[in-house]
Amino acid sequence: MLVCVKCGSPNVSILAWVDVNSNEYQGEGPGGQSYCEDCYSEEGVREETSEEKQERIDSINYLNQVNSKLKF
C-alpha cells in the first residue's frame with residue numbers, strides 16, 4: 001500500500017489522467033503530484049514498511065473483534 005512520505009497515512013491521492021468516456025486510468029499527472037488528506041502534505045508517497053503493514057493488519061483484526069462483540 002502507498003502511504004504519505006511525511007506522516008505515513010494511507011489517505012493519499014495523486015493527480016492522474018483519466019479517460020473521460022471510459023473512466024479508464026491513463027497514467028499519473030504532471031510530476032506525480034500527491035496530496036495527503038491527513039497532514040495536507042504534497043511531499044509524495046512511498047511503499048509502507050512491513051512493520052507498518054503488520055500494524056495496520058493488527059488494527060483491523062482488533063476492530064473486527066470489537067465489532068463482533070457489539071450488540072445493536
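The following legends describe close-up views of a predicted model.

**View 1**

**View 1. Cysteines without a disulfide.**
How many disulfides does the count give? The count comes to zero. Cys 4 takes part in no disulfide, and the nearest cysteine sulfur, that of Cys 39, lies 3.7 Å away. A disulfide requires two cysteine sulfur atoms within 2.5 Å. For Cys 39, the closest cysteine sulfur is that of Cys 7, at 3.7 Å, which is too far for a bond. Cys 4 counts as buried because its relative accessibility is 1%. Cys 39, with a relative accessible area of 21%, is partly exposed; the limit for a buried residue is under 20%.

Ser 41 is found in the loop that lies between strand S5 (34-36) and strand S6 (45-47). Is Ser 41 buried or exposed? Ser 41 counts as buried, since its relative accessibility is 6%. Its side chain reaches the backbone nitrogen of Glu 43 at a distance of 3.0 Å. When residues up to four places away in sequence are not counted, Ser 41 touches Cys 4, Lys 6, Ser 34, Tyr 35 and Cys 36.

Tyr 40 is placed in the loop between S5 and S6. With a relative accessible area of 58%, Tyr 40 is exposed, whereas Ser 41 counts as buried at 6% relative accessibility. Most residues other than glycine have a negative phi. Tyr 40, although not a glycine, has a positive phi of about 60°. The view also includes Val 12, which is 28 residues from Tyr 40 along the chain. The C-alpha atoms of Tyr 40 and Val 12 are separated by 9.3 Å.

**View 2. Asn 23, in the loop between S3 and S4.**
Asn 23 lies between strand S3 (16-18) and strand S4 (25-28). Asn 23 is exposed, because its relative accessible area is 62%.

**View 3. The salt bridge of Arg 46 and Glu 52.**
Side chains of opposite charge can pair when their charged atoms come close. A search of the whole structure finds two salt bridges, and one of them joins Arg 46 to Glu 52. The closest N and O atoms of Arg 46 and Glu 52 are 2.8 Å apart. Arg 46 counts as partly exposed at 27% relative accessibility, and Glu 52 counts as partly exposed at 26%.

**View 4. The salt bridge of Arg 56 and Glu 48.**
Which residue meets Glu 48 in a salt bridge? The partner is Arg 56, and the N to O distance is 2.5 Å. The side chains of Glu 48 and Arg 56 are also joined by a polar contact of 2.5 Å. Arg 56 counts as partly exposed, with 26% relative accessibility. Glu 48 has a relative accessible area of 12% and is therefore buried. Glu 48 has its place in the loop between S6 and helix H1, the helix of residues 50-69. Leaving aside neighbours within four places in sequence, Glu 48 is in contact with Met 1, Val 3, Lys 53 and Arg 56.

How values were computed:
Residues are numbered from 1 along each chain as its sequence is written. This is a predicted model: local features need pLDDT of at least 70, side-chain atom pairs count only at pLDDT 80 or more; totals for chains, interfaces and linings use all residues. Side-chain values use heavy atoms; hydrogens and water are left out. Buried means under 20% relative accessible area, exposed over 50%, partly exposed in between (1.4 Å probe, protein chains only). Helices (H or I, at least four residues) and strands (E, at least two) are DSSP runs, numbered from the N terminus. A polar contact is a pair of N or O atoms within 3.5 Å; within protein, one must be able to donate a hydrogen and the other to accept it, and residues adjacent in sequence count only if both atoms are side-chain atoms. Contact means heavy atoms within 4.5 Å. A salt bridge is a side-chain nitrogen of Lys or Arg within 4 Å of a carboxyl oxygen of Asp or Glu.
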